[in-house]
Amino acid sequence: MSKKKTPEELRSHRWYGVNDLRSFGHRSRTSQMGYSREEYAGKPVIAILNTWSDINPCHTHFKQRVEEVKRGIWQAGGFPVELPVQTLSEPFQKPTTMLYRNFLAMEVEETLRSYPADGVVLMGGCDKTTPAMLMGAISMDLPAIFLPAGPMLRGNWNGATLGSGSDTWKYWADLRAGKITEDDWKGVEGGIARSPGHCMTMGTASTMTSAAEALGFTLPGFASIPAPDSRHAQMSARTGMRIVEMVWQDLKPSDIVTAGAVDNAVTTCLALSGSTNAIVHMIALARRAGIELTLDRYDAISRRIPVLANIRPTGQYLMEDFYYAGGLQAMLKELGDLIDGTQLTVNGKTLGENIADARIFNDDVIRRRDNPLIPDTGLAVLRGNLAPDGAVIKPGAAEAQLHVHTGPAVVFKDYNDMAARIDSDDLAVDANSVIVLQHAGPIGAPGMPEWGQLPIPQKLLMQGVRDMVRISDARMSGTSYGACVLHVAPESFIGGPLALVQDGDLIELNVPERKLNVLISDEELARRKAAWVAPEPRFTRGYGAMHQVHVMQADKGCDFDFMQRDGAGAGASTGGEPEIH
């Protein structure tokens, strides 16, 4: 951080403070909106990037929260400007919000670049909004603070506690197996999501907002607070107040995002047994800061980090319970020397200072290090002739006997093929089979949707089968579970080995040895590769055409190749900032 800025050093001074024709236009148009000069002159202009929309249920409270942020900005002597950006509503946007994550990241960066923003409050939480907004903010490198949407309250149906996603898959399997009725299913539908906020299981949303806090981008303790809690509103106002101070101090993402901070965020994701999606997002975030986070680095950290959060789908409880048990701060403190407490955060203090007084109030929800839910390996990176650039699995979410497994492949060429045949009585499949889905990756799907928790065939569900090995180049929801191998790279659509697997091929999975192989000879694999015919492109125009040309593979974070920053360590804005004319 440099010395405190003067009003003349504010970026917005170029719009408002210069005595020329352009500034006259800016001031007169601000007057048109009902503001007088004394309300903004010489004050930090704070952009509030709001991902609220009528079709994003996770962010329904953002209409109110933005007013609380504005209140804090006014109180601290700033000038708030709310700017709507893409909403990326996980439940509704098709084929997947992941297709548009980079679009929002670009919108964040370009919105901040092109308007008179001195600092920014990033309002997100629903899965891809968090990494997208942080990616854009890191690239732009203006003072930035993140406001997490917060988890919704526990679901409830007939006295049973319900968790987003996890119980959806559970009761859907029970419905298909004939164990519950349609009326029961409707009851689950009405009781599983009953307040504002994102998923209250340890899905991608809570994983990434927790990662954002561990990375240093939120006020201490904010990520764990349930969305409807009054303390969430209070923290929103404090967030508005703090960003004004950050502008005067010139505290930027490049001061916060270091290799140590990235390791803290990765450690946090693993100790939470967080979403497998986090590995893609964390790689992309790190690379925006010029930090090379690899799959091997992720796996090495995973081998020494215990899972302390007893939260579904890996554990028993939900985010509301986690908050009452002490929240993320308590878990970080319990990690002790596994966390680098010297890393700087947005409140100007180190992470260690922020968690110094944290306490665990329920050590079944937040486990002690000597009594972890899982001793290590919350996530494993697999390699072999089926995934030369890597694949991932969450061992704790799979039945233990499937961690080492060899079985014959049942191959589906794409999602539609799988949907059409998976429940067919004629499908040659048993509990020993390995279900393989092709063309579900970043380019092939398109957008790498959350198709990776492939359904278990109905006839096996009727036999009581609830888990089996499933492999794809797709992602899966963080709320999902099962022996699902994901993010296979390179993807099948561009000729990765997954495209060459045929029905009956034996597939070897060995999680302890980190192996994923198709048991055929190199010569046979080469023969199939030579005969492979590339499919037609998915898009001929628009954003999709740009995406399919420039999106990188899962092991590189699925960012666009032209958005990466070269070298190590954070620096100036990726593309520089053009002059204002």
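How many residues of domain 1 are in contact with residues of domain 2? In this predicted model, 25 residues of domain 1 touch 23 residues of domain 2, contact being heavy atoms within 4.5 Å.

Before selecting anything, note that residues are numbered from 1 along each chain as its sequence is written. Local features need pLDDT of at least 70 and side-chain atom pairs count only at pLDDT 80 or more, while totals for chains, interfaces and linings use all residues; side-chain values use heavy atoms, with hydrogens and water left out.

**The two domains**

Select 38-155 together with 195-356 for domain 1, then 380-531 for domain 2; these bounds come from an automatic or database domain assignment. Their centres, taken over C-alpha atoms, are 32 Å apart. The area buried between them is about 1800 Å², with carbon and sulfur atoms giving 57%; buried area is the accessible area (1.4 Å probe) that two parts lose on being put together, summed over both. Next select Thr-276, Leu-295 and Pro-313, which supply 28% of the area that domain 1 buries against domain 2, more than any other three residues.

Three salt bridges are found across the interface of domain 1 and domain 2, each being a side-chain nitrogen of Lys or Arg within 4 Å of a carboxyl oxygen of Asp or Glu. Display also Arg-514 and Asp-299, whose side chains form a salt bridge at 2.9 Å, N to O.

**Aromatic rings**

Rings of Phe, Tyr and Trp (its six-membered ring) pair if their centres lie within 6.5 Å; planes under 30 degrees apart count as stacked, over 60 as edge-to-face and the rest as tilted. The count by this rule is 13 aromatic pairs. One of them joins Trp-74 and Phe-79, an edge-to-face pair with 5.8 Å between centres and 75 degrees between planes. Trp-74 is partly exposed at 34% relative accessible area, whereas Phe-79 is buried at 3%; buried means under 20%, exposed over 50% and partly exposed in between (1.4 Å probe, protein chains only).

Now move to Tyr-543 and Phe-560, whose ring centres are 6.1 Å apart with planes at 55 degrees, so this pair is tilted. Tyr-543 belongs to helix H21 (residues 542-550) and Phe-560 to the segment after H21, so the pair ties together parts 17 residues apart in sequence. Helices (H or I, at least four residues) and strands (E, at least two) are DSSP runs numbered from the N terminus.

**Charges over rings**

Select Lys-4 and Trp-248: the charged end of Lys-4 sits over the ring, 5.5 Å from its centre. The charged end of Lys-529 likewise sits over the ring of Trp-532, at 4.8 Å from its centre. The rule requires NZ of Lys or CZ of Arg within 6 Å of the ring centre and within 35 degrees of the ring normal.

**Backbone stops**

Most residues other than glycine have a negative phi, and most peptide bonds are trans. The bond from Lys-94 to Pro-95 is cis, with omega near 0 degrees, and Pro-95 lies in the loop between strand S2 (79-84) and helix H5 (98-114). Thr-377 has a positive phi of about 60 degrees although it is not a glycine; Thr-377 is buried at 14% relative accessibility.

Finally, select the loop between strand S12 (484-485) and strand S13 (506-510), where Pro-490 lies. The bond from Ala-489 to Pro-490 is cis, with omega near -5 degrees. His-487 is in the loop between S12 and S13 and has a positive phi of about 60 degrees.
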